[in-house]
Amino acid sequence: MATVNYAVRCFVTNPSAKNPSKPRPFVVRCSVPLSPSHDASTAVQERPWKVADARLVLADGSIWRAKSFGAPGTQVGEVVFNTSLTGYQEILTDPSYAGQFVLMTNPHIGNTGVNFDDEESRQCFLAGLVIRSLSISTSNWRCTKTLGDYLAERNIMGIYDVDTRAITRRLRQDGSLIGVLSTEQSKSDEELLEMSRSWDIVGVDLISGVSCNAPYEWINKTNSDWEFNSGGRGGDKFHVVAYDFGIKQNILRRLASYGCKITVVPSTWPASETLKMNPDGVLFSNGPGDPSAVPYAVETVKEIIGKVPVFGICMGHQLLGQALGGKTFKMKFGHHGGNHPVRNLRNSRVEISSQNHNYAVDPASLPEGVEVTHINLNDGSCAGLAFPSLKLMSLQYHPEASPGPHDSDTSFEEFIQLMKQAKQAA
């Protein structure tokens with residue numbers, strides 16, 4: 001029977017020796033018998049650890065070799081980095097990441113596994129996940145499966161053992177880049193590079209792929225075990241129509257926890273049908289992509305503002321900006337993370353916020369009467385708007401943030417007060 005010989009050089013220290021600090025080298029030799037179905041060449045190639053079997057090819061020509069987990073295949077998307085330390089499952093199920101590869105700057109991912117309580121939508125919409133280190137074990141009392149199994153079941157690609165710090169620096173310097181993630185060895189680097197340079201996320205309607213297909217009622221509140229703000233409840237119950245541009249479930253839970261009756265409608269739902277429901281307020285939700293790619297949504301917003309109180313979050317904030325006559329622009333690398341400082345200009349209070357957007361409203365383009373209420377302290381960009389005469393308010397970030405922070409949860413109270421004032425004035 002054929003064998004493969006291995007030699008391992010080892011060192012040992014003898015405490016009783018004259019010079020115990022100097023290790024004594026020795027060599028261990030061993031032979032591994034091969035079964036008849038293997039030969040020496042295949043045995044040498046087999047290793048007890050995973051080897052690099054995936055590539056991330058960016059449009060700037062750089063090629064990053066890594067190890068794969070989750071689903072195999074080839075996928076194209078925009079690469080963005082997220083600075084959150086926790087909440088990777090909420091990120092995976094946030095519809096706003098449709099069409100994007102999310103690179104986590106926190107190096108250790110997967111240690112808490114996944115559970116069904118933390119999901120923000122019915123499925124994973126992102127194009128893929130890029131991480132530095134994949135946890136080899138899970139440790140959490142709510143864990144139901146590993147991150148790798150979870151992604152594989154949902155046909156989402158992931159890579160690890162890649163230099164995420166170097167890629168992040170490149171994205172900060174050059175801006176968000178289109179990339180191709182592939183485990184297919186039959187595709188050459190040149191083919192993958194051509195794919196990355198022939199696709200663009202700008203001008204693509206990503207909302208239609210993440211929105212619901214028909215209206216439905218939402219009744220679930222924040223679980224009592226996780227409720228962090230039990231004040232301000234009671235009183236009138238308001239009917240809110242929520243436009244689903246890629247809405248996160250925790251937005252709906254927070255509204256329900258504040259006593260709202262919620263009807264969720266698709267992104268293409270006519271404004272006339274919404275007004276027939278006689279709602280007390282309308283919420284325009286978060287969502288993926290370029291607000292300029294969904295003119296139908298802007299028209300819907302135009303037809304509703306001024307008739308009932310409205311609250312825009314993230315994509316909803318950008319659509320309100322355009323509907324008011326303002327302009328939006330694509331940011332260099334966007335805001336993605338759970339640690340962005342925002343100043344409330346009305347009370348000078350600083351809030352730590354959760355953000356996920358690549359576009360922003362240009363405040364200089366807004367008409368007279370529109371008030372900038374919040375600014376991002378990292379770059380001074382517009383993070384909130386109000387137009388009191390039109391009963392309008394919006395935030396560029398996520399006040400419902402789960403797992404946190406919760407600094408901006410009071411914005412839901414402000415929306416309740418806006419509806420209450422409109423009801424009293426009617």
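Helices here are DSSP runs of H or I with at least four residues, strands are runs of E with at least two, and both are numbered from the N terminus.

Before I go on, a word on the source: this is a predicted model, where local features need pLDDT of at least 70 and side-chain atom pairs count only at pLDDT 80 or more, while totals for chains, interfaces and linings use all residues. Residues are numbered from 1 along each chain as its sequence is written, and side-chain values use heavy atoms, with hydrogens and water left out.

Now, back to that sheet. It is open, has ten strands with mixed pairing, and its order is β12-β14-β13-β15-β16-β21-β20-β19-β17-β18. At the edges sit β12 (216–218) and β18, each of which pairs on one side only. On average, neighbouring strands in this sheet are turned by 25° against each other, direction ignored. For angles like this one, axes are lines fitted to C-alpha atoms, for helices over the stretch in contact, and angles run from 0 to 180 degrees between N-to-C directions.

Which helix lies across β15, β16, β17, β18, β20 and β21? That is α9, which runs at about 120° to β16. Contact, by the way, means heavy atoms within 4.5 Å.

Helix α9 also has a helical partner. The axes of α8 (residues 295–304) and α9 come within 9 Å and cross at roughly 70°. The two helices are therefore roughly perpendicular to each other; that label covers 65 to 115 degrees, with angles under 35 counted as roughly parallel, over 145 as roughly antiparallel and the rest as oblique. On the α8 side, Ala297, Val298, Val301 and Lys302 meet Leu319, Leu320, Gln322 and Ala323 of α9. Those contact residues divide into six nonpolar, one polar and one charged. In that count, Ala, Val, Leu, Ile, Met, Phe, Trp, Tyr, Cys and Pro are nonpolar, Asp, Glu, Lys and Arg are charged, and the others, Gly among them, are polar.

Let's move to the other sheet. Seven strands make a closed barrel, running β3-β4-β10-β8-β6-β5-β11 with mixed pairing. Its neighbouring strands are turned by 35° against each other on average, direction ignored.

β3 and β4 form a hairpin with four residues between them, and Gly61 in the turn has a positive phi of about 100°.

We work on a 1 Å grid over the protein atoms alone: a cavity is a set of points where a 1.4 Å probe fits but cannot get out, a pocket is an open set with protein on both sides within 12 Å along at least five of seven lines, and lining residues have an atom within 4 Å of a point. Points are joined across faces, edges and corners, and a volume is the space filled by probe spheres set on them.

The largest pocket has a volume of about 850 Å³. Of its 36 lining residues, Glu90, Asp117, Asp118, Arg142 and Ser402 are closest to the centre. Which helix gives the most to this lining? It is α6, with four residues. The lining holds nine nonpolar, 17 polar and ten charged residues.

As for cavities, there is one of 30 Å³ or more. The largest cavity has about 130 Å³ of space and is lined by 17 residues, with Ser96, Pro288, Gly289, His357 and Asn358 nearest its centre. Strand β18 gives the most to this lining, with four residues, and α9 supplies at least two.

Definitions and conventions: Two strands pair if DSSP finds at least two bridges between them.
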